[in-house]
Amino acid sequence: MALAFDEFGRPFIILREQDQKTRLRGIDAQKANIAAGKAVARILRSSLGPKGMDKMLQGPDGDVTITNDGATILEQMDVDNQIAKLMVELSRSQDYEIGDGTTGVVVMAGALLEQAERQLDRGIHPIRIAEGYEMASRVAVEHLERISQKFEFDVNNYEPLVQTCMTTLSSKIVNRCKRRLAEIAVKAVLAVADLERRDVNLDLIKVEGKVGGNLEDTELIYGILVDKDMSHPQMPKQIEDAHIAILTCPFEPPKPKTKHKVDIDTVQKFETLRKQEQQYFDEMVQKCKDVGATLVICQWGFDDEANHLLMHRNLPAVRWVGGVELELIAIATGGRIVPRFQELTPEKLGKAGMVREKSFGTTKERMLYIEHCANSKAVTIFIRGGNKMMIEETKRSIHDALCVARNLIRNKSIVYGGGAAEIACSLAVDAAADKYPGVEQYAIRAFAEALDSVPMALAENSGLQPIETLSAVKSQQLKENIPFYGIDCNDVGTNDMREQNVFETLIGKQQQILLATQVVKMILKIDDVISNSEY
Amino acid sequence: MPIDKIFKDDASEEKGERARMASFIGAMAIADLVKSTLGPKGMDKILQSTGRGHSVTVTNDGATILKSLHIDNPAAKVLVDISKVQDDEVGDGTTSVVVLAGELLREAEKLVTAKIHPMTIIAGYRMAAECARDALLKRVIDNKENAEKFRSDLMKIAMTTLCSKILSQDKEHFAEMAVDAVFRLKGSTNLEAIQIIKKPGGSLRDSFLDEGFILDKKIGIGQPKRIENAKILVANTAMDTDKVKIYGARVRVDSMTKVAEIEGAEKEKMKDKVNKILAHGINCFVNRQLIYNFPEELFADAGVLAIEHADFEGIERLGLVTGGEIASTFDNPESVKLGHCKLIEEIMIGEDKLIHFSGVEMGQACSIVLRGASHHVLDEAERSLHDALCVLSQTVNDSRVLLGGGWPEMVMAKEVDELARKTAGKKSHAIEAFSRALVAIPTTIADNAGLDSAELVAQLRAEHHNEGCNAGIDVISGAVGDMEERGIYEAFKVKQAVLLSATEAAEMILRVDEIITCAPRRREDRM
């Protein structure tokens, strides 16, 4: 490192404690970064597509996760390299934004980096590559728009939605009953969707899992499922036409926040206090009863005495219900969350057609079903499965399917999957490359080649000859000028994705290309890595 | 430029073949571990805990064995998990599910070595599992309509379940007990209502089912030891010092006399409470919490039997049996539902005194008293009985039954084999492998009994070639025999759960092509 000295011969310190830091500069820095990015992409590459494999991740506490979902793999991988972390972020933002295609985006970024490395070896400046990529991505996104198709569906004809969700689910372990799960996901989304505004609030869909039974027992409940049971074992297990009081105050003596002392110094005081206490419990229960509640759902605990009083007055109650669930119940039943007993009024009660307790298996596991709610806009997907890992993976898969359905409601455009869209884009970008003068042309061509890597990985994972298959499909697309040909992963016998009903959402695909390009640009622009060498 | 590590320091990554090998080996090791406990002549395991006291458990129950193991291999954890779920869901077949999953993976390993892609194997396994289930469905027997026959079915199932356990000597006795107990539940699967009391001493044969209810508590001193036509108040209330629950209340006095006054008031309060309780017109009071000497004395004076510190389940069961509600306030004696029973008395089992409630109104709960030579025997007996109860209670709801003794496996294997012959493509190898894995279960049963498994299984296969054959392995006589005649039955629900979860687990492990192990959390972090 170049050093400057002042007039006394002491060096100016630019970087503190230089000898403890490692520094990579220029082309070395880029190469190292690219290598790290590629390493992450390589891990995910084999998970892509319907025949992709799963990863088993053992967490820091020895817990095991088995998954096929790119975002989850990267999140749990506990990476340490800075660039690798960027890739993790990339997949996470795809997850937040779109919810699906988290593996694809990383594979795509990896391929772009790989191509960039080749261009760097040719001596092209990283900034020029980045610019070329930018132009190419614009071309690709525009082309996607062109080849996309609108498809029509409404509440009664949701078959196309189911088909799209099935494409998403087919790469997961749950593909054994993808049809059923896809239908559940679509029905759930349609139940909460606001078709006028074209918006779906996924918070209204609760995904709950319970180990046991099998995947086929998974069901959609038009209502809320709470993993709690009645506070008193002898309360009724089933309530029809329930009027629900939703409380966030405990059935306990009051605890004022200000500091106070109640001093007992005479017998009279002792006795009045005692009476008051009893009266207090009595009043609390009576208030709930007075407004006409037939079920009390409370965020906090009950005192034994209050519990018995509730039971005695034939007022079933549920205690320790979590905040999020409480909110959902309030939304579903049209009730209001009441923080004080004094504020209870009949209007604030929620209404549900049926509340019942159901027990599972041989252990004492019970859950509370709240169904036929006044406002049916909250639904629950209840997943059953052979083991904990299966449930977790199903939850993730359902989440993906829900996101896809939501995206379709927002934007009805679709593109064809199975690598068809990528191949079409690759052709378009390649054709566009020649129009650009200058060094960028090479970068644009490299981009086209990188686009090919997704169908290539698909073919590889499906056990096909990657190069042969890809070139065959490519020439077919070009010859017939139809962008629907993709990789036949399931060995159906046709590679027309229209026939196979393999769809993906347009925004999902566009987002993949844009996000991947952005991250790669960012990585290419880094030319100096200074890091503490001792971790 | 080498890639500097992407992962943290201690993290490791295993890829492709190596990852697959690691998970296969782990899973098979677990399966082999429990394999020898399978079947009526299976052996037991001794488990010694590393904790204080080095407590020892002797067991034959797959779920218990696996639960106690400390395993590091992630694939092995998957198997432990399925066995646990099997235990929660149907209660029995915990060993079979692990053994079947292990066998499926063993067969898969061979196929992978023969260069068949795991996804193809999975596709084949799925088809096979579906076909096997259909085969079972075709052959189920359902005797729900015929109560007498149904009961005998249940008896047979209970005996089949029990014959692999420590209780096999007295299996008829225990099967009878289990069936009686389950019938009392009237279709509910809440096994909490069946109380199992373990008392060392005597022999297993001395165990009995009590129609009434037994509470493992002592009667307070000076209180009646025998009450006829008892009216019981079941309560959950503080009978020590009844604190003022209003927050921030405290007693502040400035002279000794006042202390005495307050104390008097406190006593008065307690007395009030006792009087209120007595106003219910009861002659027996059961509380979940402690009863102090003072109120106890008051109860004794009133001639009421007071039982303290009955645990929560005890209270709940008592509520179920006697039909009383669990009370915590006592201001409205007229509307509180009291429990009733014909007779409460103290009985002696071995050296311990217990309280016996007989002639109860609602017979939904009952007690089983287990006797046996040692704690280990009793623990194992409890586990075995629990298995039997679980299976029975599930069967009451889903009354389909199958024959046992390797019969269902052979039926499935035959159908699956036929499917393999019909299927074109590489999948057929996987389907064939599935049928081989199924046959491994009767083979293991025979092996564990010290029989010539190759000979027996071959005989069995030949027998099963005929339609509607009922042949299975009779381990006792060591020959192939008609299972229906010998009364060896199993619950359909158990078999189905074994089949489906084992396939699911095998599929899950097969799909993995990379294992990433994160760095173990550092100790400091936890502090």
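## Chain A overall

Chain A of this predicted model has 16 helices and 18 strands. Helices (H or I, at least four residues) and strands (E, at least two) are DSSP runs, numbered from the N terminus. The C-alpha atoms of chain A fill a box of roughly 95 × 80 × 45 Å along the principal axes. Of the 535 residues in chain A, 58% are buried. Buried means under 20% relative accessible area, exposed means over 50%, and partly exposed is in between (1.4 Å probe, protein chains only).

Residues are numbered from 1 along each chain as its sequence is written, while chains are lettered from A and ligands numbered from 1 in the order in which they are written. Local features need pLDDT of at least 70, side-chain atom pairs count only at pLDDT 80 or more, and totals for chains, interfaces and linings use all residues; side-chain values use heavy atoms, with hydrogens and water left out.

## Salt bridges

Side chains of opposite charge can pair when their charged atoms come close. A search of the whole structure finds 41 salt bridges over all chains, each being a side-chain nitrogen of Lys or Arg within 4 Å of a carboxyl oxygen of Asp or Glu. One of them joins Glu89(A) and Arg92(A), at 3.2 Å from N to O. Both residues lie in helix 3 (residues 82-97) of chain A, three residues apart, about one turn of the helix. Glu89(A) is partly exposed because its relative accessibility is 43%, and Arg92(A) is partly exposed with a relative accessible area of 23%. Another bridge pairs Glu208(A) with Lys206(A), whose closest N and O atoms are 3.0 Å apart. Here Glu208(A) is buried, with a relative accessible area of 13%, and Lys206(A) is buried too, at 11%.

In chain B, Lys67(B) and Asp87(B) form a salt bridge of 3.7 Å, N to O. This pair links distant parts of the chain: Lys67(B) is in helix 2 (residues 62-67) of chain B and Asp87(B) in helix 3 (residues 74-89) of chain B, 20 residues apart. Lys67(B) is partly exposed, with a relative accessible area of 48%, whereas Asp87(B) is buried, with 9%. Salt bridges that share partners also join Asp32(B), Lys35(B), Glu103(B) and Arg106(B) into one network.

## Aromatic rings

Over all chains, six aromatic pairs are found. Rings of Phe, Tyr and Trp (its six-membered ring) pair if their centres lie within 6.5 Å; planes under 30 degrees apart count as stacked, over 60 as edge-to-face and the rest as tilted. The ring centres of Trp300(A) and Trp320(A) are 6.3 Å apart and their planes stand at 75°, so this pair is edge-to-face. Trp300(A) lies in the loop between strand 10 (295-298) and helix 9 (304-312) of chain A, and Trp320(A) in the loop between strand 11 (317-318) and helix 10 (323-333) of chain A, so the pair ties together parts that are 20 residues apart in sequence. Trp300(A) is partly exposed, with a relative accessible area of 39%, and Trp320(A) is partly exposed, with 49%.

Ring pairs also link Tyr416(A), Phe484(A) and Phe503(A) into a cluster. Two charges sit over rings as well, where the cut-off is NZ of Lys or CZ of Arg within 6 Å of the ring centre and within 35 degrees of the ring normal. The charged end of Arg356(A) sits over the ring of Tyr369(A), 4.5 Å from its centre. The charged end of Arg445(A) sits over the ring of Tyr442(A), 6.0 Å from its centre.

## A sheet in chain B

Strands of a sheet pair through backbone hydrogen bonds, either parallel or antiparallel. In chain B, three strands form an open sheet in the order 4-16-19, and the pairing is antiparallel. Strand 4 (141-142) and strand 19 (489-491) of chain B stand at the edges, each with a single partner strand, so one side of each is left without a neighbour in the sheet. Two strands pair if DSSP finds at least two bridges between them; two bridges join strand 4 to strand 16 (residues 400-403) of chain B. Ile141(B) stands opposite Val401(B) in strand 16 of chain B.
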